[in-house]
Amino acid sequence: MNIAEKYVRDLEDKVADLITETRHECTLTPSDDLDFRPSDCGDLKKAVHKSGVYKIYPDRTSGFHVFCDMKSYEGGWTVIQNRTNDYIGFYRDWDAYKDGFGDLKTDFWLGNALSNHNGNKFYTRDRDSTSNCAVTSKGGWWYSNCHHANLNGRYLNGTHKTIADGINWLQWKGYYYSLKASRMMIRRT
């Protein structure tokens with residue numbers, strides 16, 4: 001990477017961080033007035049709690065805020081990734097993915113939610129020493145011989161000419177179509 005490319009990448013990161021901070025400051029702080037300490041969104045009662053931001057307390061943590069989807073597929077889902085537009089850039093470094101970024105009410109990555117994915121390591125542009133897939137695919141993901149899915153790729157809003165660097169899912173729409181939205185959710189069975 002030359003100096004100009006590094007400068008542009010650093011500038012993109014700063015703009016994305018400013019957008020994230022500004023949106024965060026404009027978001028109301030979630031209420032922590034629950035009369036219990038849910039370990040995940042599945043502990044919330046669908047009839048009482050609507051989809052939104054809640055504080056959960058998984059084992060061995062002091063708690064943290066997450067977005068709970070209480071409507072889709074019988075509710076109780078903890079959303080770990082949400083993409084609806086290109087305001088929040090997902091081509092980030094390792095620390096950003098480890099810590100999480102974005103706005104829990106719009107576009108975000110929750111953090112170290114899935115540290116292992118079928119035995120594949122999670123790669124980012126600054127931790128991609130063997131395959132270079134994170135750099136060529138413009139995202140952070142569990143790359144193995146690059147990918148068949150790249151939900152943290154560039155937001156390209158539909159058909160595009162570059163190969164496999166958008167929000168792609170090979171078996172569904174192929175490498176030349178970037179999905180307009182994606183959401184990853186987890187729930188206890």
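Rings of Phe, Tyr and Trp (for Trp, its six-membered ring) form an aromatic pair if their centres lie within 6.5 Å, and such a pair counts as stacked with planes under 30 degrees apart, as edge-to-face over 60 degrees, and as tilted for the rest. The model shown is predicted, with local features needing pLDDT of at least 70 and side-chain atom pairs counted only at pLDDT 80 or more, while totals for chains, interfaces and linings use all residues. Residues are numbered from 1 along each chain as its sequence is written, and side-chain values use heavy atoms, with hydrogens and water left out.

**View 1. The aromatic cluster.** One aromatic cluster is formed by F90, W94, Y97, F101, W109, F122, W141 and W142. Under the pairing rule, the count of aromatic pairs is nine.

**View 2. F90 and F101.** The ring centres of F90 and F101 are 5.0 Å apart and their planes stand at 75 degrees, so this pair is edge-to-face. Both residues are buried (under 20% relative accessible area, with a 1.4 Å probe and protein chains only), F90 having a value of 2% and F101 a value of 8%.

**View 3. Y97 and F101.** Y97 also forms an edge-to-face pair with F101, at 5.2 Å centre to centre and 85 degrees between the planes. Y97 is buried, as is F101.

**View 4. Charges over rings.** A charge sits over a ring if NZ of Lys or CZ of Arg is within 6 Å of the ring centre and within 35 degrees of the ring normal. The charged end of R37 is placed in this way over the ring of Y57, 3.8 Å from its centre, and that of R125 over the ring of Y91, 5.2 Å from its centre.

Terms used
Buried < 20%, exposed > 50% of the residue type's maximum accessible area, 1.4 Å probe, protein only.
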